[in-house]
Amino acid sequence: RYACREGMSRLGKHLAVGIEVIREFQVDSVSREDDHWALAAMPEHPAAPVAARALFLSAPPPQALKLAGEYLSAEQRALVERISCEPCVAVIARYPEGTEPPPWRGIQVRDPEFRLSWMAWDSSRRAKTISTAGIAVLHGSAGFSRRWLDASKEELTMAGRELLDEAAMIAGAWMSAPVEF
């Protein structure tokens, strides 16, 4: 796992300084054309296609290989293929301004029978000038998340509610236990 002091969006904002950012552009395909990369969008996007001098892929390895694997050397491709990934349903829950933070910053659940594998009080890493709202981030276990791979947005909302229910049970059960991070 990777974490930024002021939240994960801070990394993207830092990397994007001085470049044009196109929002809501889901890349469907990547191709190399002369001296630039061409990116097509799915579904159609008013800015498509996009031409870029450089390409940075932060997608999980299977998706990155699907998009640009043919442009990697055999050695590079083998390195990326060795990275193991599991599906993950993620929930970001925002609580009202002034919500009292829990006594822990994060909890990792190592029991594969649980739906939840990890939760963190994300607002503990954000600058106080951004918001005083509580923000919790929850990750579903691989087994739980695998069931939702082809889910609709409505079904994913149900999955998110299941994770929130389990997080409430775990957090309630562990509130008085010492947790070290």
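**View 1. Overview of the predicted chain, with its 5 helices and 7 strands.** Read from the N terminus, the elements follow the order α-β-β-β-α-α-β-β-β-β-α-α. Of the 181 residues in the chain, 30% are buried, and the accessible surface amounts to about 13100 Å², with 54% of that area belonging to carbon and sulfur atoms. Where contacts link residues at least 6 apart in sequence, 51% of them join residues at least 24 apart.

View 2. Strand S1 (residues 27-33) and strand S2 (residues 36-41) run antiparallel and are joined by 6 bridges; Glu33 stands opposite His36 in S2. Asp34 lies in the loop between S1 and S2, and its phi is near 50°, a positive value in a residue other than glycine. Most residues other than glycine have a negative phi.

**View 3. Glu24, a residue other than glycine with a positive phi.** Glu24 belongs to the loop between helix H1 (9-15) and S1, and its phi is near 55°. Because its relative accessible area is 75%, where a value over 50% is required, Glu24 counts as exposed.

**View 4. Two cis peptide bonds, one from Met42 to Pro43 and another between Ala48 and Pro49.** For the bond from Met42 to Pro43, omega is near -5°, while for the bond that joins Ala48 and Pro49, omega is about -10°. Pro43 is placed in the loop between S2 and strand S3 (50-52), and Pro49 likewise lies in the loop between S2 and S3. Most peptide bonds are trans.

**View 5. Helix H2 (residues 61-68) and its buried residues.** The buried residues of this helix are Pro61, Ala64, Leu65, Leu67 and Ala68. Seen down the axis of H2, these buried residues fall within an arc of 165°, and they therefore line one face of the helix. In an α-helix there are 3.6 residues a turn, so residues three or four places apart point the same way. The buried residues of H2 pack against S1 and helix H3 (74-81).

**View 6. Cys85, in the loop between H3 and strand S4 (90-97).** Leaving aside residues up to four places away in sequence, Cys85 touches Pro61 and Pro62; the C-alpha atoms of Cys85 and Pro61, which are 24 residues apart along the chain, are separated by 7.6 Å. Cys85 counts as partly exposed, at 37% relative accessibility, and Cys88 is also partly exposed, with a relative accessible area of 40%. A search of the whole structure finds 0 disulfides.

View 7. The side chain of Ser145 reaches the backbone oxygen of Gly140 at 3.4 Å. When residues up to four places away in sequence are not counted, Ser145 touches Pro87, Cys88, Val89 and Gly140; one of these contacts, Cys88, is itself partly exposed.

Note on methods. Residues are numbered from 1 along each chain as its sequence is written. This is a predicted model: local features need pLDDT of at least 70, side-chain atom pairs count only at pLDDT 80 or more; totals for chains, interfaces and linings use all residues. Side-chain values use heavy atoms; hydrogens and water are left out. A disulfide is a pair of cysteine sulfur atoms within 2.5 Å. Buried means under 20% relative accessible area, exposed over 50%, partly exposed in between (1.4 Å probe, protein chains only). Two strands pair if DSSP finds at least two bridges between them. Helices (H or I, at least four residues) and strands (E, at least two) are DSSP runs, numbered from the N terminus. A polar contact is a pair of N or O atoms within 3.5 Å; within protein, one must be able to donate a hydrogen and the other to accept it, and residues adjacent in sequence count only if both atoms are side-chain atoms. Contact means heavy atoms within 4.5 Å. Accessible areas come from the Shrake-Rupley method with a 1.4 Å probe; for residues, only the protein chains shown count as cover. The arc is that of the directions from the helix axis to the C-beta atoms.
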